Structure formats: C-alpha cells, structure tokens
Amino acid sequence: MEFTKRVHWVLPVLYISSLAFLFNCNNIVVDASHDVFSEDVLSLSAVNVKKEHRSGYHFQPTKHWINDPNGPMYYNGVYHLFYQYNPKGAVWGNIVWAHSVSKDLINWEKVEHAIFPSKPFDKYGCWSGSATVLPGNKPVILYTGIVDDKNTQVQNYAVPANLSDPYLREWIKPDNNPLIVADKAINGTYFRDPTTAWLGKDGHWRISIGGKKNNRGISYLYKSRDFMHWVKAKHPLHATAGTGNWECPDFFPVSATNGLDTSVVGPNVKHVMKVSLDATRFEYYTLGSYDVGKDRYIPDKDMIDGWNGLRYDYGNFYASKSFFDPSKNRRILWGWANESDSTDNDIKKGWAGVQLIPRTIVLDPNGKQLLQWPVEELETLRGNKVEVSNKILNKGENVEIKGITAAQADVDVTFSFESLDKAEPFDPSWDRYDAQKICSQKGSTVEGGLGPFGLLTLASQNLEEYTPVFFRVFKDQDKHLVLMCSDASRSSVKDDKTKMKDGKDAYRPSFAGFVNVDLTEKKLSLRSLIDNSVVESFGAGGKTCITSRVYPALALFGNAHLYAFNNGTETIKIDSLNAWTMNRPREMNH
C-alpha cells in the first residue's frame with residue numbers, strides 16, 4: 001500500500017511547519033544479524049500455531065516472526081509499540097512495522113501495520129528508528145530507509161494521517177524524504193537507527209545515528225532548527241575504538257528517583273549512552289555527562305566503554321529502546337528476546353520472538369549503574385499466591401515451591417546467610433569480564449562454599465531438565481564478587497539440531513553477570529518472571545538482569561516444577577519467598 005495523503009501541521013516557527021508520518025521498520029544488518037532464507041521459507045505462513053513454549057503474558061503477535069521494538073511512545077493516554085514483523089512466516093524477512101496499542105502496557109490490541117517499503121527512499125527496507133513528540137503534541141517518527149540492493153541507508157520521517165484517531169492507525173511518508181543522507185565521510189551501509197530527538201536551549205533539535213568507521217563504533221550527531229533540515233555536527237556525540245558497528249543507539253538523562261524527559265539537561269544530571277553491538281549481540285551502556293557546549297557525551301571515569309562494560313541484560317536481550325512516560329513520570333525500556341530454539345522448530349511452531357516485560361529504569365543511588373524493574377502494571381496479572389519464610393536450605397537440599405503454576409509465575413525471593421567466610425577464592429587466572437565462561441565451569445551442581453543457591457525454574461519432576469537461576473559468592477583479595485547465572489545448558493532433554501540449509505541449532509548458553517551489591521547485611525534478592533519458554537531474572541533489586549529462552553520437553557504446562565536450592569557448604573535461609581501464578585492478559589494482539 002502506498003500512502004499519497006499529506007498532513008500539514010501548524011507549529012511554532014522554531015520547530016516544524018509541515019510534517020507527515022511514516023513507519024519505521026528496523027532490520028538489523030542482514031549480513032551480520034539475520035539469516036536470509038529462500039522465498040518459500042520466509043513466506044511459509046503458519047497454518048497451525050503450536051502453543052507449546054508460547055509465552056503466556058509476554059508481548060507477542062498471534063503468529064510469525066518479530067524482532068526489534070521501535071518508536072515506543074505514550075500519546076494521549078495510549079501506549080504505542082511498533083515492532084519488526086514478518087506477516088508471512090516465522091523467520092526474518094518481508095519485514096513491516098507492525099503496530100499495537102495499550103492503555104496499561106499489559107493488554108494489547110493490534111492495529112493496521114504502520115509502515116512498509118513502498119517508496120524510493122525505503123524501497124529496499126524500513127529499518128529502526130524512534131518517536132519524538134514535538135511541541136503542540138505532534139508525534140513524528142524518524143527511521144532508516146534502505147534505497148538500493150547495496151544496503152545504502154538514509155534517514156526518513158513519518159507522521160500520523162489523522163491526529164484525532166486515538167490509535168494513530170495510519171501513517172504517512174511524505175515525498176520530501178529522505179531528510180538525512182550520509183556524506184562522503186560516512187559509510188552509508190552502516191548509518192542507521194536514529195534516536196529520539198532532544199531539544200537544546202539554543203532552539204536546535206538533536207538526534208544521534210549509529211554507525212562505524214573501520215572498527216570504531218560511532219554515534220553521529222545531527223542538528224536541526226525546524227526538524228526538517230538537518231546538519232551533521234563537526235564531531236560525533238560519542239565514539240569508541242574497537243567496538244564495531246553500533247546499532248539502535250539510545251541517549252537519555254537519568255535520575256535516581258524517576259524518569260526524565262529526553263531533553264532534560266543540567267550540571268547534576270547524568271546521561272546514559274546505550275548501544276547494541278552487532279559483533280557480540282549484547283547491549284552495552286555507560287553513565288556520564290553531556291557537555292552541552294561541545295555537544296559531546298563523556299563517560300564517567302570509572303566506566304568501561306566497550307565489550308567489557310555494563311549491560312542492560314546479560315542474556316537474550318537486544319535492540320532495546322526506551323521512552324519517557326509522562327503519565328507516571330518514568331522511563332520505560334523495551335527489549336527483544338529472540339528464539340534460542342532451532343530454526344526448524346521455529347518454523348514448525350509458527351512463531352518466533354517476544355518482547356520482554358517493559359522495565360522502568362532509574363539510576364542506582366551509588367551512581368555507578370542503572371536499576372531495572374518490571375513495570376508495576378505487571379502485578380495486575382498475579383493470581384494464586386504462595387509464601388515461604390525462614391526456611392533453611394542445607395547443602396544439597398532442594399525445596400519445591402508448590403501451589404502455583406510453575407510454568408507461568410512471578411517469584412520474588414530474598415536469601416540470607418550468616419557468614420561470608422566460606423566464599424571460595426576467585427581464581428586469578430579467570431577472566432573477570434567473562435562471567436558466562438565462569439558460570440559454564442561453575443554451574444549449579446558444582447559444590448561451592450557460599451553458593452550456588454537460587455531457583456530451579458521450569459524443572460521436570462525428576463530434574464532431568466531445569467533452568468537454574470542462582471548466585472555464587474567469591475572472595476577476591478579484600479572484597480567479594482557475586483556471580484549471578486541463568487543457565488540453559490540443562491533446560492531440555494531434546495537434542496535440537498537443524499536439518500535446514502542455513503538453519504541454526506538450538507542455543508543453550510550459561511548466561512551470567514556479576515552483581516555490584518553490598519553484602520554487609522548478608523542478603524541477596526532475586527526476582528524471576530517465568531513464562532513457559534522465558535526466564536527473565538532481576539538480581540539484587542535490578543542491579544543485574546539476565547534473560548534466558550528455553551524449551552523443555554518434560555517441564556511443560558502442569559508438568560513444570562519450581563524449586564529453591566542450595567549446593568554450597570554454607571547454610572542458606574529463605575528469609576521470604578512470594579510466588580504467584582501469572583494469569584494471561586485479557587487481550588494480546590488478537
């Protein structure tokens with residue numbers, strides 16, 4: 001479908017005099033991020049969608065492939081989520097920007113697809129972008145268009161066709177696109193994913209666009225007075241050598257108490273610079289300051305700006321996008337979790353990909369990291385509840401948590417211990433930046449001193465399969481290190497090898513990250529959202545987050561079990577454990 005309508009908005013001269021809406025389709029680089037299948041595979045529509053492993057309360061369409069969340073926003077009382085979607089099959093391809101709306105971030109109604117390739121400036125693809133609500137309450141989307149078969153990328157805009165439509169069902173791509181074309185100093189095949197715009201005190205809008213030069217990751221900076229004519233700044237907003245291509249950059253201010261509008265600046269305001277690294281498929285962020293005079297972002301001195309830096313999530317989490325929610329004065333983060341199953345199984349079950357539970361983001365009071373937590377609206381889905389308190393876990397002991405639906409649950413537990421003396425020494429030969437490797441060697445069954453202890457999720461009755469989420473404490477010279485793991489290596493008894501050309505085998509990693517937490521009170525907390533094939537965990541109040549995708553063969557539906565365990569010599573106490581069966585939303589994209 002080609003849009004031919006135009007919309008003209010009368011705004012203050014300082015901003016826009018004419019805009020129209022397009023829809024952003026974000027596809028990560030084809031050669032590095034997605035396997036390209038033959039037409040008969042990528043357009044193989046699902047006739048029967050298998051319910052096995054399908055999420056119960058996470059966001060997903062009724063069938064087929066999804067990936068990156070794009071342009072989330074809150075507008076006139078409605079939350080909007082756009083996302084990459086293949087309307088014809090369960091693998092990447094045929095991508096359109098699908099669009100869903102919600103009043104509560106839990107129940108979602110699908111509306112018409114917002115954008116798809118249709119014009120010379122996006123004929124070969126609609127890739128990622130962001131939404132900005134301009135003065136006068138005028139939303140606009142900036143997105144990356146692909147103009148040829150060489151993946152040359154330009155930046156376009158789109159506007160709603162009808163602002164009186166509460167769901168903004170139709171979007172228009174004006175013919176004065178593209179707004180931004182790469183100059184000769186930029187590699188035009190790595191030039192994408194414009195951020196939400198922020199407005200400077202000088203009256204100029206600014207956006208950043210991801211890319212690379214050689215192996216140097218770059219966040220290019222562009223400025224505009226009217227949102228229509230953009231000029232590249234002399235220097236990038238930020239760049240880091242040796243990191244490779246930067247996708248889906250996100251740049252925003254953060255506070256320790258609530259969310260901040262993207263344009264907020266000040267001497268005491270920290271900023272977050274997040275990038276999705278195509279080379280590693282993880283998301284990294286730093287905290288720092290935004291020098292408004294020089295238009296540059298400077299990471300704090302103690303930040304690691306590269307592959308060993310902080311991550312939003314140490315598991316299956318990519319292409320995230322945040323937005324400011326003015327209705328509750330908070331910043332909300334969306335992230336995509338791809339399947340870890342074999343390509344064959346994705347096609348058989350007729351769907352692939354979920355959006356993880358939206359999270360609030362605030363600055364940790366220590367000023368050194370972010371805290372993430374599921375949005376409070378999720379609690380409306382809580383059903384039957386069980387409680388455990390003051391329960392002792394001796395070495396080698398498992399305690400089953402009964403009375404809930406273990407395949408679809410929300411579990412919040414606080415563990416305590418009397419002493420740190422039994423913490424095992426941290427081997428100086430280990431790479432302290434490779435927590436995943438340490439977890440693969442020091443799994444949940446490997447006896448330790450203080451730990452491993454935690455939860456066995458999606459477990460079969462006789463523990464032939466389970467996904468443990470757990471802590472292990474090490475002594476490292478004059479301090480302690482807390483390792484958090486979400487280990488999928490024992491999650492299924494199936495051997496899921498692909499039989500397809502260019503297909504992928506099932507991937508069952510031992511995801512892990514360290515937790516920067518004060519152990520003075522000798523306590524560690526863990527919250528896990530369990531949803532059939534999703535285990536989304538938050539350690540120490542959201543200091544460290546890890547998401548796993550798993551596909552049990554035995555621990556399905558009513559045959560799934562949940563245990564608390566301890567395989568360390570130090571006795572562990574469950575101070576408090578609250579677990580709820582999670583109900584399904586009333587509506588999920590039907």
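**Sheets, buried positions and enclosed spaces in a predicted model**

Analyst: In this predicted model, six strands make up an open sheet with antiparallel pairing, and their order is β27-β39-β29-β35-β36-β37.

User: What makes β27 and β37 the edge strands of this sheet?

Analyst: The strands β27 (382-393) and β37 (544-549) each pair on one side only, and they are called the edge strands on that ground. Across the sheet, neighbouring strands are turned against each other by 15° on average, with direction ignored.

User: How do you know that β29 and β35 count as paired strands?

Analyst: Two strands pair if at least two bridges are found between them. Strand β29 (residues 408-416) and strand β35 (residues 523-531) have nine bridges in the antiparallel sense, so the pair meets the criterion. In one of the facing positions, Gln408 stands opposite Asp531 in β35.

User: Why is strand β1 described as mostly covered?

Analyst: A residue is buried when its relative accessible area is under 20%. In β1 (residues 64-75), 11 of the 12 residues are buried, and the strand is therefore described as mostly covered.

User: What makes β23 a pairing partner of β1, and in which sense do the two run?

Analyst: The requirement is at least two bridges, and β1 is joined to strand β23 (residues 351-352) by two bridges, with the strands running parallel.

User: Why is Gln355 called buried?

Analyst: Gln355 has a relative accessible area of 0%. The limit for a buried residue is under 20%, so Gln355 is classed as buried. Its place is in strand β24 (residues 354-355).

User: How do you know that the side chain of Gln355 makes a polar contact with the backbone oxygen of Asn67?

Analyst: A polar atom of the Gln355 side chain lies 2.7 Å from the backbone oxygen of Asn67. A polar contact is a pair of N or O atoms within 3.5 Å, where one must be able to donate a hydrogen and the other to accept it. The distance of 2.7 Å is therefore within that cut-off.

User: Why is Asn94 called partly exposed?

Analyst: The relative accessibility of Asn94 is 27%. Buried residues are under 20% and exposed residues over 50%, so Asn94 falls in between and counts as partly exposed. Asn94 lies in the loop between β2 and β3 (96-102), and it has a positive phi of about 55° although it is not a glycine.

User: What makes Phe557 partly exposed?

Analyst: Phe557 has a relative accessible area of 42%, which lies between the limits of 20% and 50%, and it is therefore partly exposed. Phe557 is found in the loop between β37 and β38 (561-566), and its phi is positive, at about 50°, although it is not a glycine.

User: Where are the cis peptide bonds at Pro178 and Pro452?

Analyst: The bond from Asn177 to Pro178 is cis, with omega near -5°, and Pro178 belongs to the loop between β8 (171-172) and β9 (180-181). Gly451 and Pro452 are joined by a cis peptide bond with omega of about 10°, and Pro452 lies in strand β31 (residues 450-459).

User: What sets the largest cavity apart in kind from the largest pocket?

Analyst: A cavity is a set of points where a 1.4 Å probe fits but cannot get out, whereas a pocket is an open set. The largest cavity has a volume of about 100 Å³, and its lining consists of 13 residues, of which Val275, Tyr284, Thr286, Asp305 and Gly306 lie nearest its centre. That lining divides into seven nonpolar, five polar and one charged. The largest pocket has a volume of about 1,000 Å³, and among its 35 lining residues, Asn308, Leu310, Tyr314, Tyr433 and Phe514 are the closest to its centre. Its lining comprises 17 nonpolar, 10 polar and eight charged residues.

Technical notes
Residues are numbered from 1 along each chain as its sequence is written. This is a predicted model: local features need pLDDT of at least 70, side-chain atom pairs count only at pLDDT 80 or more; totals for chains, interfaces and linings use all residues. Side-chain values use heavy atoms; hydrogens and water are left out. On a 1 Å grid over the protein atoms alone, a cavity is a set of points where a 1.4 Å probe fits but cannot get out, and a pocket is an open set with protein on both sides within 12 Å along at least five of seven lines; lining residues have an atom within 4 Å of a point. Grid points are joined across faces, edges and corners, and a volume is the space filled by probe spheres set on the points. Ala, Val, Leu, Ile, Met, Phe, Trp, Tyr, Cys and Pro count as nonpolar, Asp, Glu, Lys and Arg as charged, and the others, Gly among them, as polar. Helices (H or I, at least four residues) and strands (E, at least two) are DSSP runs, numbered from the N terminus. Axes are lines fitted to C-alpha atoms, for helices over the stretch in contact, and angles run from 0 to 180 degrees between N-to-C directions. Buried means under 20% relative accessible area, exposed over 50%, partly exposed in between (1.4 Å probe, protein chains only).
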